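Trainee: Could you take me through one part up close: how the helices pack, and then what sits around the ligand?

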Amino acid sequence: MRLSKLVMGLFLAGGFVGSAAAQTTMRISISIAQNSHQGIAVDTFAKEVEKRTAGRYKVQPFYSGSLGGERESIEAVQLGTQELTFSSSGPVPNFVPETKILDIPFLFRDKAHARAVLDGPIGQEMLAKFDSKGFKALAWGENGIRHMTNSKRAVSAPEDLKGLKMRTMENPVHVAAYKGLGIVTTPMAFPEVFTALQQGTVDGQENPLSVIMASKFDQVQKHLTLTGHVYSPGIFLMSKASFDKLGAADKQAFLDAAKEGVKANRARVDEDDAKGVTELRSKGMNVVENVDKAKFVSMLAPVNAEFEKQFGKANIERIRNYK
Ligand code: EAX
């Protein structure tokens with residue numbers, strides 16, 4: 001008895017019990033591989049949280065959908081059974097409908113435009129909308145500019161898409177737009193996509209070059225067309241309950257760590273975009289680089305009119321004209 005008390009006392013004096021008890025481990029998930037723009041986002045975030053909280057908080061990343069697809073992970077974060085996730089915008093409107101507007105095709109001129117909108121007042125106002133839904137949205141990140149792949153034929157004009165069966169994200173704006181292009185849409189969680197492509201359940205899919213490379217879709221898709229039809233944001237989401245438990249300085253540490261994660265994430269997207277076509281060609285893909293975007297835009301006119309009604313023309317223009 002006395003001995004164990006003595007041992008305990010020594011432990012306390014050494015700070016062993018103290019530091020062990022104070023360390024909290026949190027989980028963060030992504031649906032794609034670690035070697036990716038999302039992997040570097042969560043790895044950087046984890047490293048920065050640990051550094052900025054002097055090791056009192058540790059973040060453990062889970063990759064490749066090992067905790068579930070994006071929708072499931074966001075649900076878990078909302079319920080508080082998982083602390084953090086980094087997701088594409090895909091399933092996000094099912095939780096915060098205001099974010100739908102960001103997934104409108106050909107909304108952003110380029111990545112610089114999208115990043116400026118997300119980092120500026122429009123994006124920051126939208127992050128605040130997550131508060132009342134059980135989340136703390138730490139920062140917008142990036143999934144990237146999406147392009148189309150398929151196993152059937154080289155696509156160079158919207159007519160070529162007619163009747164192609166394509167997996168889409170579980171996002172109502174995407175589904176409406178692709179239907180408008182004549183695509184047969186099949187919404188599906190990302191972890192199922194490789195097998196669906198391999199088995200021919202669907203002919204194609206659309207994703208940024210970063211995702212196509214990280215997921216080795218070149219092994220199951222012959223044709224890639226640089227449609228650049230939509231910009232897909234990413235987002236760092238934290239359970240509101242977990243965030244609210246943090247002290248003020250730790251809250252700031254998590255927010256700053258997310259910013260560092262986004263920097264690394266966007267830099268990797270730029271690298272992937274720069275080398276993607278060469279790399280995917282070298283793996284055997286047939287790449288159509290030049291498409292007539294105006295044709296896609298005009299084919300989407302009826303769908304866009306619908307979006308204007310739904311989201312407000314002024315709101316869409318505010319994003320389009322943001323400098
Ligand atoms: O987050 O579901 C998708 O197509 C996403 O772009 C992918 O999971 C990366």
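Mentor: Call a crossing right-handed if the near helix is turned clockwise from the far one by less than a right angle, left-handed if anticlockwise. Helices here are DSSP runs of H or I, at least four residues, numbered from the N terminus. It's a predicted model, so local features need pLDDT of at least 70 and side-chain atom pairs 80 or more, while totals for chains, interfaces and linings use all residues. Numbering starts from 1 along each chain as its sequence is written, and side-chain values use heavy atoms, without hydrogens or water.

Start at H11, residues 248-282. Its axis and that of H3 (residues 37-52) come within 7 Å, crossing at roughly 150° (axes are fitted to C-alpha atoms over the stretch in contact; angles run from 0 to 180 degrees between N-to-C directions). H3 is therefore roughly antiparallel to H11 (over 145 degrees), and their crossing is right-handed. H5, residues 111-119, gets its axis within 13 Å of H11's and crosses at roughly 165°. That pair is also roughly antiparallel, again with a right-handed crossing.

Now the ligand. Its shell (heavy atoms within 4 Å) includes Ser 31, Gln 38, Glu 70, Arg 146, Met 169 and Phe 190. By class, that shell has four nonpolar, five polar and three charged residues (Asp, Glu, Lys and Arg are charged; Gly counts as polar). Ligand oxygen atoms have polar side-chain partners (N or O pairs within 3.5 Å): Asn 143 at 2.8 Å, Arg 167 at 2.7 Å and Asn 207 at 2.6 Å. The protein covers 99% of the ligand's 260 Å² of accessible area (Shrake-Rupley, 1.4 Å probe).

Conventions. A polar contact is a pair of N or O atoms within 3.5 Å; within protein, one must be able to donate a hydrogen and the other to accept it, and residues adjacent in sequence count only if both atoms are side-chain atoms. Helices (H or I, at least four residues) and strands (E, at least two) are DSSP runs, numbered from the N terminus. Angles under 35 degrees count as roughly parallel, over 145 as roughly antiparallel, 65 to 115 as roughly perpendicular and the rest as oblique.
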